Amino acid sequence: MYESLDVHRELCSYYPSYLLSFAQVNAIIFAQSIMLENAKELVERFLLNQFVLSADTRTLSELEYFLGIEYRSDRSENQRRALIISHFSGNGKVSLETIKEILKLFSGENASVSYMNSLLSSKLFIDNCPDFSLMDCLKAVRSRIPAHIKYLFSALSSAEAGVYAGNHFSEFIFEEIS
């Protein structure tokens, strides 16, 4: 409302002062100021929706549909954004840097990625990743790796337990070998 008043004042500054003495002219200018304010909000939203990191949920849904990403209600908004961005990153030839970028999108952490003897392996620490989705991460990485290259993925996380059961449990490793 206050911004509309600012817009109204600015619009009034463009009119001759004798016209502003008519109530009908003021009513028209006030209506135009509200319309301009709404147009400004629409333009700002349009510009924000051009970028995945600032897009609203409706735009994210449209991008998921366009890219053929299956909708899952348990995905957070950040996970949805990471999955969409992973589809756009690294077009063309695959490289270790591309794989690192994709893994960083999902975890926020730097991953260790190496390639030796036709085996691509990666290690990712997921301690600081409350929104980490293993299946989405694997799917995004697998879509970039050629079929003739074997891929080993390790997601490492430390766990704290309040009960001592005769052995010290310090790490849990997800490994999938294909």
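Predicted model: local features only at pLDDT ≥ 70, side-chain atom pairs only at ≥ 80, totals over all residues.

Me: Let's start with helix packing. At what angle do the axes of helix 3 and helix 4 cross?

Reply: The general idea is to take the angle between N-to-C directions, from 0 to 180 degrees. Here, helix 3 (residues 57–67) and helix 4 (residues 77–88) have axes that come within 10 Å and cross at roughly 40°. Helix 3 is therefore oblique to helix 4, and the crossing is left-handed.

Me: Which residues of helix 3 and helix 4 make the contact?

Reply: From helix 3 you have Thr57, Leu60, Ser61, Leu63, Glu64 and Leu67, and from helix 4 Glu77, Arg80, Arg81, Ile84, His87 and Phe88. Sorted by class, this contact has five nonpolar, three polar and four charged residues.

Me: How is helix 5 oriented relative to helix 6: roughly parallel or roughly antiparallel?

Reply: Angles over 145 degrees count as roughly antiparallel. The axes of helix 5 (residues 96–107) and helix 6 (residues 134–142) come within 10 Å and cross at roughly 160°, so helix 5 is roughly antiparallel to helix 6. This crossing is right-handed. Ile99, Ile102, Leu103 and Phe106 of helix 5 meet Asp136, Cys137, Ala140 and Val141 of helix 6. By class, that contact has seven nonpolar, no polar and one charged residues.

Me: Are Tyr151 and Phe153 buried or exposed?

Reply: Both Tyr151 and Phe153 are buried.

Me: Last one: the backbone. Where is Asn117, with its positive phi?

Reply: First, the background: most residues other than glycine have a negative phi. Asn117 is not a glycine, yet its phi is positive, about 55°. You'll find Asn117 in the loop between strand 1 (112–116) and strand 2 (119–125). Ser118 lies in the loop between strand 1 and strand 2 as well, and its phi is also positive, near 60°.

Me: What is the relative accessibility of Asn117, and what is the relative accessible area of Ser118?

Reply: Asn117 has 74% relative accessibility, so it counts as exposed. Ser118, with a relative accessible area of 39%, is partly exposed.

Note on methods. Residues numbered from 1 in each chain as written. Heavy atoms only, no water. Helix = DSSP H or I, 4+ residues; strand = E, 2+ residues; numbered from the N terminus. Parallel < 35°, antiparallel > 145°, perpendicular 65-115°, else oblique. Left-handed = near helix turned anticlockwise from the far one by under 90°. Contact = heavy atoms within 4.5 Å. Nonpolar A, V, L, I, M, F, W, Y, C, P; charged D, E, K, R; others polar. Buried < 20%, exposed > 50% of the residue type's maximum accessible area, 1.4 Å probe, protein only.
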